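Please read this briefing alongside the sequence and the model shown below. The notes are grouped by topic, for a reader who is meeting this structure for the first time.

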Amino acid sequence: MNETYVITFEVKPTEVERFHALLDGVLDAMRNETTFVRAALHVDPDRPNRFQLHETWSDRQDVLTVQLQRHYRRDWHAALAEVLATPRNITIWTQLRADP
């Protein structure tokens with residue numbers, strides 16, 4: 001069953017461009033993974049440095065043991081402490097229904 005990882009980021013205003021540059025590389029690379037379903041990045045219309053990422057994957061174990069360790073995520077994970085104003089908030093949701 002698909003699971004969606006909802007991750008909220010409070011980015012330092014001076015680091016928004018770097019945040020996008022790093023995350024874009026990760027999103028571009030992960031779309032080729034076999035257990036990847038979809039991803040969507042959102043911005044808070046009232047707070048341009050607050051973002052929410054929805055990553056949907058078909059296999060939680062693969063996410064935890066393989067995907068989080070991918071080489072293309074290294075720079076992204078290493079930069080988070082410098083880029084974020086507060087720690088990211090991660091929640092996991094199991095899909096019950098999807099309508100096109």
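In this predicted model, R70 and E33 form a salt bridge in which the closest N and O atoms are 3.0 Å apart. R70 sits in the loop between α2 (60-65) and α3 (74-83), while E33 sits in the loop between α1 (16-30) and β2 (36-44), so the pair ties together parts that are 37 residues apart in sequence.

- E33, by contrast, is buried, with a relative accessible area of 14%.

- R50 is partly exposed, at a relative accessible area of 29%, whereas E10 is buried, at 17%.
- Both residues belong to a network of salt bridges that links E10, D44, R47 and R50.

**A salt bridge between exposed residues**
- D99 and R97 form another salt bridge, their closest N and O atoms being 2.9 Å apart.
- D99 counts as exposed at 56% relative accessibility, and R97 is likewise exposed, with a relative accessible area of 66%.

**The sheet**
- Four strands make up an open sheet in the order β2-β3-β1-β4, and their pairing is antiparallel.
- The edge strands of this sheet are β2 and β4 (89-94), each of which pairs on one side only.
- From one strand to the next, the twist averages 15°.
- Strands β1 and β3, which run antiparallel, are joined by eight bridges, and T4 stands opposite T56 in β3.
- In general terms, strands of a sheet pair through backbone hydrogen bonds, in either a parallel or an antiparallel manner.

**The helix across the sheet**
- Helix α1 lies across β1, β2 and β3, and its direction makes an angle of about 10° with β3.

Conventions:
Residues numbered from 1 in each chain as written. Predicted model: local features only at pLDDT ≥ 70, side-chain atom pairs only at ≥ 80, totals over all residues. Heavy atoms only, no water. Buried < 20%, exposed > 50% of the residue type's maximum accessible area, 1.4 Å probe, protein only. Salt bridge = Lys/Arg side-chain N within 4 Å of Asp/Glu carboxyl O. Helix = DSSP H or I, 4+ residues; strand = E, 2+ residues; numbered from the N terminus. Pairing = 2+ DSSP bridges. Axes fitted to C-alpha atoms, helices over the stretch in contact; angles between N-to-C directions. Contact = heavy atoms within 4.5 Å.
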